[in-house]
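I opened a new notebook page for this chain. My plan is to go from the overall fold down to single residues.

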Amino acid sequence: MVSLKLQVLCVLMLNCFSEGVPYDRYQVLRVTSPRWASGRVQRLVAETAGAEVWRRSLEGAQEVWEVLVPPSGLSRFTSDLSHGRYSLSVKIEDVQKLLDEQESERAALRRHRASSAFSHSNYHDLEDIYGILDKLEIENPLVSTYVAGTTLEGRLIRVAQVSAGGDGTRQVVWIDCGIHAREWISPATCQWVLDQLTSGYNADPGITELLDAYDFHILPVVNPDGYAFSWDEDRLWRKNRHPYNETCVGVDLNRNFDSHFGGIGSSNIHCLPIYHGEMAFSEQETQAVRDSLTNLTGRLKAYFALHSFSQKWMFPYGYNFEKPENYDEQLRVASIGAEALFAVNGTEYSVGSQAITIYPNAGTAVDWVYDSLGVSYTYIIELPDKGDYGFLLPPSFIIPVGQETWAGIMAAIKSM
């Protein structure tokens, strides 16, 4: 975790991150270092205005970082990390060039709204996603929607319930997506899951079996304000849009849950990407998730949160390195899910508790659901890739990621 002194330095140096900036000649670098030598990487990120860690992962005795680096910081990163104990490579040569290449597809999508309930050939903005929910609710008797809450900017936080009967007595599988705005593959995967559930009942025996046993509650975009901002202003925006002063906007919603709030892997510095908020559940988005899940107490069978990127299937704990009481059972189910996922396209996922598998962080949803609501199966799935595109995964990945992720989730649920 970056020291408070370095965080303050980061803020003084143009707040680390300024919204709406172009990303011309920004690069994404991959740095591999021994765990004991990772402090130098942390220091470089903290001292470089505009730099941000995209991914950090513990892999054996090594620590792997994907870091967004501005042009002004490239020479220092290269000189400081170009010796024996570090391995340095360029994953994205020019971030703005990649953004520009993808912009034409986004523009085409905005001109031609989806004419059917689902279209998985491209990403959808919030208006399209909510249009899909409206169409499903009208046309499919399995689907009803409800509003979990409203954002600071007045956008609805909508949940789709898929139920084949049971009058509200069946156990519930909850899946949420899009808590971090720039992780577009996450809402796209929630849409794929919703498509499979609504089209597969009485057509696919596996899906029919699931819907005869469980209700599904799917929240496709936890963070509507941030997601809309990532479409309209800054493709790489992460947090919500809660303003704190003239320069610092947003809370990392997955550090805002009441689970060792304010602990490791989060920050009290407003401008940082991992700012945890003023207090636990200070944000309207996390309140909406909390209240919706609390209303389902006694019925919740499993909780899944879909993120990107890293290709990891994880469970508690994130706030420390202790194993949850049912570690062996959570590991068994997660392993079954990862194996089923692998069988589709050969995509490999690491499996384990969050702090050990990726890095420790406090205030996360998955830990809160496990500890506070007593849900035995709580998972965070970090979708592809491993850094070739990072948060800018091309739309050609939507279908294969959807196929394999749904296969993994189905297998995991059936093994519970």
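I began with Gln311, which counts as buried because its relative accessibility is 10%; buried means under 20% relative accessible area, exposed over 50%, and partly exposed in between, with a 1.4 Å probe and protein chains only. Gln311 sits in the loop between S9 and S10. Its phi is near 60°, a positive value in a residue other than glycine.

Before going on, I noted the ground rules. This is a predicted model, where local features need pLDDT of at least 70 and side-chain atom pairs count only at pLDDT 80 or more, while totals for chains, interfaces and linings use all residues. Residues are numbered from 1 along each chain as its sequence is written, and side-chain values use heavy atoms, leaving out hydrogens and water.

**Overall fold**

I counted 13 helices and twelve strands in the chain. Helices (H or I, at least four residues) and strands (E, at least two) are DSSP runs, numbered from the N terminus. The radius of gyration is 20 Å, close to the 22 Å that the globule rule gives for 416 residues, so the chain is as compact as a globular protein of that length. That radius is taken over C-alpha atoms, and the rule is 2.2 Å times the number of residues to the power 0.38. The C-alpha atoms fill a box of roughly 60 × 50 × 40 Å along the principal axes. Of the 416 residues, 60% are buried.

**Cores**

Which residues have the most contacts inside the largest nonpolar core? I found Ile175, Phe216, Phe304, Trp313 and Trp406, in a core of 56 residues. A nonpolar core is a set of buried Ala, Val, Leu, Ile, Met, Phe, Trp, Tyr and Cys residues joined through side-chain atoms within 4.5 Å. Apart from this core lies another of 27 residues, including Phe281 and Val375. I then followed Phe216: beyond its neighbours within four places in sequence, its contacts (heavy atoms within 4.5 Å) include Val173, Leu197, Trp406 and Ile413.

**Strand S10**

Phe315 lies in strand S10, residues 312-315. Is Phe315 buried or exposed? It counts as buried, at 0% relative accessibility. Leaving aside neighbours within four places in sequence, Phe315 is in contact with residues including Pro324, Tyr327, Val351 and Tyr379.

**Helix H12**

I looked next at helix H12, residues 365-373, where seven of the nine residues are buried, so the rest of the structure largely encloses it. Among those buried are Asp367, Trp368 and Tyr370. The cover over them includes helix H9 (284-295), strand S9 (300-308) and helix H10 (327-345). Just after H12, Gly374 takes a positive phi of about 70°.

**Loops and backbone**

Most residues other than glycine have a negative phi, and most peptide bonds are trans. I therefore listed the exceptions, with that rule in mind. The bond from Ser308 to Phe309 is cis, with omega near 5°. Phe309 is in the loop between S9 and S10. The bond from Pro384 to Asp385 is also cis, with omega near 5°. Asp385 lies in the loop between S12 and helix H13 (398-414).

Asn202 has a positive phi, near 70°. Asn202 belongs to the loop between helix H6 (185-200) and helix H7 (205-211). At 64% relative accessibility, Asn202 is exposed.

My last entry is Thr48, in the loop between helix H2 (39-47) and strand S2 (52-59). Thr48 is buried, at 7% relative accessible area.
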